[in-house]
Amino acid sequence: MRKLSLALGLLVSTPTFAQTDSEPAESGQPPYERAHVDRLTWRNIGPSNMGGRVTDIAASPRSFSTWYVATAGAGLWKTKNAGTTWEILFDDQSTVSIGDVAVAPSKPDVVWVGTGEENGRNSVSWGDGVYKSTDGGKTFECMGLEKTFQIGHIAIHPQKAEIVYVAALGRLWSHNPDRGVYRTKNGGETWEKVLYLDEKTGAIDVRIDPNDPHIVYACMYERFRDQFDGNDPIVRFGEKSGFYKSNDGGDTWREITDGLPSCQWGRSGMTVYSKDPKTLYMTVETERSGWATGEKKRKGRKRGDALMGVNGDAKDGGIELQSVTDGGAADKAGLKTGDIVLELGDKKVRKTSEFIAAIREKNAGDKVTVKYRRDGEDATTELTYGKRPRRGPDNGPNGGRLGGQQANKQEDQGDKGYETGGVFRSDDHGETWKRVNSLTDRPFYYSVIAVDPQNDQNVYSCGVPFYASFDGGEKFDPVHRGIHVDFHAIAIDPADSNHLLIGCDGGLYETWDRCKNWRHIDNIVAGQFYHANVDNAEPYNVYGGLQDNGTWGGPSRTRFRDGIRAADWYTIAGGDGFRARIDPEDPSVVFATSQNGGMLRQNVARARSAGRISKPEGVRWNWDTPFFLSPHNSRIFYFAGSKACRSIDRGRRSTILSDDLGLTDKGTATAFAESPRRSGLLYVGTDDGALWRSQDGGANWEEIHDKVLGMPGPRYVSHIEPSYYDTSTVYVTFEGHRSDDRDAHVYVSEDRGDTWTSLKNDLPNEPCHVIREFPAAGNRNDPGNPDLLFVGTEFGCYVSLDAGEHWMPLGRELPTVAVRDLSIQKRDTDLVAATHGRGIFTIDIEPLTQIGPKSAQRDVHLFYPEDATLWQMRTRSGYGGHAAWSAKNPAYGAPIYLWLKQEPKNDAKITIHDVAGKQVREIDLRKRAGMHAVTWDCRVSVPREDGEGESRRRRRRTQMAKPGDYSVRYHHEGRDYIRPLLLRADPAGNTSPLPTITARPTRGN
């Protein structure tokens, strides 16, 4: 929220021109133009230390110190010095989701990029074809295949760089014919679809024999996702999935089956041994993964389904109960939060692992005597276990993670164990195969394999761990000690078998001793945030959750001259991180979520848990569970899954507020909000398109989704924004890509959801994740701007200055990236964007909060500047070298914004004056029309008397201004435009009270 000192207005003798903005613009004139918003600048604040999903790595054939690193949502990065410094190459394309990058072996400056991440997980984005660079990545040109959606691999002819093969997967959420293997013989000018099976089966991999380029291999794969955020695609296997070979450069193909599984395949991936290309390795997923033998499906040991309904941690020789589910087994047995469980039946439970094991060996309905301690006294009670919800299929005794298969089980699975999939080897150019290992780890997400170019016994496989075999695949072991998990990319130095690069959900890693020790390349900002929120500290902090990297917090700026370092960011919680909320009564407490309803409170000041959130039994949770603290009473905690829930004590105990919310049996809540103007006016939306309203705090619910006219069908409700200005106004975004609908769906209702109006207007056709209204109290001291709206989309951020009638891309220096959430820091009038690929961005939106239809048409408009803080800056010790990452602080001083409708005839400048009206500083402006954004560095000019004969410039010096009142002035055609400016002392070093703020100007003055 911007603040002003009005005392200065009494000291200004030159007239100001501060007309109100209540009058509309002249008829026929568009009130706003792109120039009103395009000079505002986004600033990235990181972080870099948790990385982000790397999808592929390609090294230059001339030097293994030049790498191209492809990412799931951060575009393409290049280094020429082994990761010391980086160039971002793919910032301005229409998509930054990359499935593969390839460098031409014969022309290293020729680089191909296949857009659209190849992984079939729920959070992937998509691409628009293949791109080529002929100058080492400096420039790219789209070479077609725009409808292929996702690219699995690109193979370039070893001698002829104009011959390229592309493995195209096609759409993930629907069937389409733009799948298969494509070939160009003229560098992408024209394409042939040389291998096509059907509209469901795409190509995940394609490879060329480096010695005989007529030999081409392809792995075909069928997969399909539904509208829900489950772990796996609902279709993972296909009748036509398999391994195919061409001996004539792709003109004709045949399926190879000798020694390979005959049942339905899932994902597969291969590698060619470059030293002797007749040797190939392949990893294969099949529908029989995890079976006891290749022909027999036998279940493993069944785990009990008992549920106690508690969360707890080890303490004082037992397990302290941090939460007890209302109506759960423990609650019914009389146990309470704070009790310390000592024994379950005849088992002592001193560790959390012992506690969990004792419960999991029991079944629902079993009874157990619980010994516990309360207030220093030991007691016992009898407990009857509830039923744990079924998590997923048991795929057999050899089953691995999420549909995969354990390593090194091949000797136990019989002669036809190969039918269960695993790692296969061929020594005759892929004509016949033999399984060498049973390993397939979460195959739909990984299935990447590589062989050392110098030694066919060194084989590497991606999975949740990173696996290595040094005996030709007979035994695989995890070798990723001390680094992040979930691996997708491998690059092996052709001149040094000990030197590898690997990419995972945590970024990029390097080893020089064949996987014994690893270095994290932590100077790439590729973090995939889902949500972000801000606190009111000075300077404020940002908290948010990331894909597979938990929940983190960090500063929006620091008091150090080197800006924000990686070490300034810190982790709060694990898992897949999502929403975060800060307790307004205790800002050290942050509420955070992880996948499938994991919710907790964390005390960030003490770096310890403040307790988990109690969740009622019988509720299913979305992957990204919505929750919020009531804007009317922060002790009230609302959250929702298949049902809406509430806690009145910050999550310690909770109750169910609704029946099932979904339109289908699988539906769960994805958006949940309460009107900031009226307590108990609630809205909730689901992933299958349901939209509900309650006007009495959840006692009664009304369906309002059928009132949203013009929608092509039920769509994922991505965000709900009740208005700060009008009780009956609410905004909703629907996100349809899970239904193969990539249009923008933004709506507003002015009658609490009874009727709806589309606000898409001139928004581009791209899914919308969030809409935000500029928040304000709506009173005289904080009138706000009800016409100011922001939308985060799959490829950027847009602003409307007229309540959604028109939209414009906001600012500059925001790359093409998915903006999954937006948060507004009211005091500092900053907009914070959570991007799914490039970390956190912030932008100063102060002039947008003041602009209106009349002021937008003025020839000159000087905006009221925000109060500025004289931060006490320091220098940190140490020299981190060029590889150390840091983000810049905002320019030091007071931001000033000026609108000029026409280019000024004479030199333009802004002057700063002290409280007596004396000019103390002069700032030159560029001679151009549009929005000017400059910063006064809070220094004042001081004349020097000494130095006779020196130039005028050298006879003047500057010193830091003192806290207090100043004015900003712009002179135009005989008129002075004047605005007051307050310089505040740094609150960390100011012992006197801050100035009392009594008013804020009307919007558009």
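View 1. S47 and strand S48 (residues 637-640) are joined in the antiparallel sense over three bridges. Look for leucine 629: its bridge partner in S48 is phenylalanine 637. Two strands count as paired if DSSP finds at least two bridges between them. Strands (E, at least two residues) and helices (H or I, at least four) are DSSP runs, numbered from the N terminus. Residues are numbered from 1 along each chain as its sequence is written. Since this is a predicted model, local features need pLDDT of at least 70 and side-chain atom pairs count only at pLDDT 80 or more, while totals for chains, interfaces and linings use all residues; side-chain values use heavy atoms, with hydrogens and water left out.

**View 2. Strands S45 and S46 form a hairpin.** Strand S45 (residues 598-603) pairs with strand S46 (residues 608-612) in the antiparallel sense over four bridges. Asparagine 603 stands opposite arginine 608 in S46. Four residues lie between the two strands, and alanine 607 in the turn has a positive phi of about 55 degrees.

**View 3. Another open sheet has four strands, S55 to S58.** Here the order is S55-S56-S57-S58, again with antiparallel pairing. Strands S55 (716-722) and S58 (757-758) stand at the edges with a single partner strand each, so one side of each has no neighbour in the sheet. Strand S57 (residues 745-749) and S58 are held in antiparallel pairing over two bridges, and valine 748 is opposite threonine 757 in S58.

**View 4. Serine 438 sits in a loop.** That loop runs between strand S29 (434-437) and strand S30 (449-452). Is serine 438 buried or exposed? Serine 438 is buried, with a relative accessible area of 0% (buried means under 20%, exposed over 50% and partly exposed in between, using a 1.4 Å probe and protein chains only). A polar atom of the serine 438 side chain lies 3.2 Å from the backbone nitrogen of asparagine 408. Leaving out residues up to four places away in sequence, serine 438 touches residues including Gln405, Ala407, Asn408, Gln413 and Gly421, where contact means heavy atoms within 4.5 Å.

**View 5. Nonpolar cores gather buried side chains.** A nonpolar core is a set of buried Ala, Val, Leu, Ile, Met, Phe, Trp, Tyr and Cys residues joined through side-chain atoms within 4.5 Å. Which residues touch the most other members of the largest nonpolar core? They are Phe243, Met282, Phe466 and Ile490, out of 38 residues in that core. Several strands each supply at least two residues of this core, among them S15 (216-222), S19 (280-286) and S34 (487-492). A second, separate core has 33 residues, including Phe774, Ile845, Ile851 and Met931.

**View 6. Stepping back, the chain has three helices and 76 strands.** Its radius of gyration is 31 Å, close to the 30 Å that the globule rule gives for 1005 residues, so the chain is as compact as a globular protein of that length (the radius is taken over C-alpha atoms, and the rule is 2.2 Å times the number of residues to the power 0.38). Along its principal axes, the C-alpha trace spans about 95 × 75 × 60 Å. Buried residues make up 61% of the 1005 residues in the chain.

Definitions and conventions. A polar contact is a pair of N or O atoms within 3.5 Å; within protein, one must be able to donate a hydrogen and the other to accept it, and residues adjacent in sequence count only if both atoms are side-chain atoms.
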